[in-house]
Amino acid sequence: MEHVAIAIKDAVTKLTANERFPKQRPVMKGRRVIVLAAVAAWLGMVSSAPAQQQPDRLNVVLILVDDLGWTDFACYGSDLHETPNIDKLARDGVKFTQAYSSCTVCSPTRASLLTGKYPARLHVTDWIPGQMPANPKMLVPDWTKYLPLEETTLADVFRSNGYATVSLGKWHLGGPEYYPEKHGFDGNIGGTHLPQPPVGYFAPWKIDTLSEGKPGDYLTDRLGDEAVRYLQDHKDRPFFLYFPHYGVHTPIQGRADLVEKYNKKLRPGLEHHNPAYAAMVESVDETVGRVRKTLADLGIADRTIVVVASDNGGRVPTTSNKPLRAGKGSCYEGGVRVPLIISWPGVTKPGGVCDAPVITADLYPTLLQATGLKDAPEHRPDGVSLVPLLRRTGDLKRDALFWHYPHHQHYQQGGTMPYSAVREGDLKLIEQLDDGRLELYNLCDDPGEQHDLAAEKPDVARRLRDRLQAWREEGGAQMPTPNPNYDPAKPQHIPRPKKAEAEK
């Protein structure tokens, strides 16, 4: 069977990862024997299990939008952007109002989505390769600038169970030795080590893993073409289509027809007022519509789960996350609260709205439970399955979410110094790691985080800080350390030239 051969190949790849790439963390002694035994046992289970009717198995399309803000879809309150296809997806499924990204920047969230683990546990805690300020008060730890090959990913599990798997779009989790094909994906269309298109959104875009387009072709449209083609080619086999868009990351470049459309829609008083950015959002929306139409035309829409999410909050001032505070790169809600829509035909109730706090890492166990697949025996995700919420059969057995960012993000408006945070119920505690300062907010009463309660409720702040510290210790979180060469008479950050800032 094809998936048996794939499973053996994946096991060998994981086993030999450290021999081929010695800079990785060492594999535990005896791992080779353990994995080979697990493969043998798994093969035995496969041979004795009744054959599944593959056409009846659920497919998964996971669409990740880059830098998309909490209010950037019309169904989340945008007063300018038109997103009819995503709005329809929300009407057909469940819209989460308090969904969070696992990090305030992109690479850690992507690693968390694929593994179900917190970035702190993975030690993938900043956008790759990150950047230090000129005169930092705190030095960042020696963090991991790739997704380690020994980590089990969603694609690993899907592929070992006979699914076709592809990563289509932005990767940004390491160079060629860590590309999608090394992490359980059959193919990689358009993914590289880069955080954005190397030239821009109009061809020639010069992406090594994507055949060149005709001059003027728009990258988001092209990725939509590739998604449609992939679905058509794999309609007779269960598939996992991971579709991480480059849009709506900078550079802000929309199609001329859509930019003109939104220029005509501008009026005073709008929270969203960037025509080129609005055009980029609509182009992403068009790809969602094309994917769903293709699924329907192929007769497989009723057995395909579709997820749309964002990797971090919207970039300010490119967009607005109001009423949330700040945006991408920030410890506040605008940096980590994001849209999340899940449509599971026959399960999710049309027009469903869920207010439970959830996080990117939850998608890993959710998609495995929804498709009836078992995780690798040694894998321990931090996320919890959202299936009880999707089925409306119960609540989550969890009362807190955590973040850890031992880095500096100073080039985004409202950026942050090294911090950790915990949300417990409606309370959110932020610990600033450069000076130990605590901030406490009640997100139910104060979603914009304007009223710091730390001084009014010191006992609550200390209790949450202790819980945060215990979580860091359990997960092996890396901490920043004081810089012996820090000069308090000088600024920590040297402003980036305007041209460079516009391109970031």
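Student: In which loop does K206 lie?

Tutor: This is a predicted model, in which local features need pLDDT of at least 70, side-chain atom pairs count only at pLDDT 80 or more, and totals for chains, interfaces and linings use all residues. Residues are numbered from 1 along each chain as its sequence is written, and side-chain values use heavy atoms, with hydrogens and water left out. Helices (H or I, at least four residues) and strands (E, at least two) are DSSP runs, numbered from the N terminus. K206 lies in the loop between β5 (187-189) and α8 (219-233).

Student: Is K206 buried or exposed?

Tutor: Buried means under 20% relative accessible area, exposed means over 50%, and partly exposed lies in between (1.4 Å probe, protein chains only). Because its relative accessibility is 57%, K206 counts as exposed.

Student: At what angle do the axes of α9 and α10 cross?

Tutor: Axes are lines fitted to C-alpha atoms, for helices over the stretch in contact (heavy atoms within 4.5 Å), and angles run from 0 to 180 degrees between N-to-C directions. The axes of α9 (residues 256-265) and α10 (residues 275-297) come within 8 Å, and they cross at roughly 125°.

Student: In which loop is P323 placed?

Tutor: Most peptide bonds are trans. The bond from K322 to P323, however, is cis, with omega near 15°. P323 has its place in the loop between β7 (304-310) and α11 (333-336).
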